[in-house]
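Here are a few friendly notes to read alongside the model. Please have the structure open as you go through them.

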Amino acid sequence: VQLQASGGGLVQAGGSLRLSCAASQVNFNFNVMGWYRRAPGKQRELVATTTSGGDTDYADFVKGRFTISRDNAKNMVYLQMNSLKPEDTAVYYCHAVRYWSDIDHAAYWGQGTQVTVSS
């Protein structure tokens, strides 16, 4: 299964972008889907996740600005990013996990999409 992320680009501070991530197999059900990011010179960090049941979790630095959602029928996950700041500049990666048991799981990564926020 492959993940394809899209929607990145260049935006001014205060602007918005919407990232999308599509799984190559629509019927491959992921328990968790989410977004990570890696800024230049920094480690990769979690941005937001959502479960198949609709539970969501956000990093503190995006709460109130970003919204994660998913379409289970299309096996896609989205990240609506509002009030963007220059510090949000990073490569954003789609991530998904499927569990077969408590210890048996597989994780998948998309190729990343660049988000650049100018001041």
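1. Let's start with strand E1, residues 3–6, in this predicted model. Leu 3 and Ala 5 make up the covered face of E1, while Gln 4 and Ser 6 lie on the uncovered one.

2. Which strand is joined to E1 by four bridges? That is E3, residues 17–23, and the two run antiparallel. If you want a spot to check by eye, take Ala 5, whose bridge partner in E3 is Cys 21.

3. This pairing belongs to an open sheet of four strands, in the order E1-E3-E8-E7, with antiparallel pairing. The edge strands are E1 and E7 (66–71), each of which pairs on one side only. On average, neighbouring strands of the sheet are turned by 15° against each other, direction ignored. As a reminder, strands of a sheet pair through backbone hydrogen bonds.

4. Thr 67 has Gln 80 in E8 as its bridge partner.

5. Beyond E8, please look at Asp 88, which lies in the loop between E8 and strand E9 (90–99). Is Asp 88 buried or exposed? Its relative accessible area is 0%, so Asp 88 counts as buried, the cut-off being under 20%.

6. What surrounds Asp 88? A polar atom of the Asp 88 side chain lies 2.8 Å from the backbone nitrogen of Lys 85. Leaving aside neighbours within four places in sequence, Asp 88 is in contact with Arg 37, Arg 65, Phe 66, Ser 83, Val 115 and Val 117.

Key
Residues numbered from 1 in each chain as written. Predicted model: local features only at pLDDT ≥ 70, side-chain atom pairs only at ≥ 80, totals over all residues. Heavy atoms only, no water. Buried < 20%, exposed > 50% of the residue type's maximum accessible area, 1.4 Å probe, protein only. Pairing = 2+ DSSP bridges. Axes fitted to C-alpha atoms, helices over the stretch in contact; angles between N-to-C directions. Polar contact = N/O pair within 3.5 Å; in protein donor to acceptor, adjacent residues only side chain to side chain. Contact = heavy atoms within 4.5 Å.
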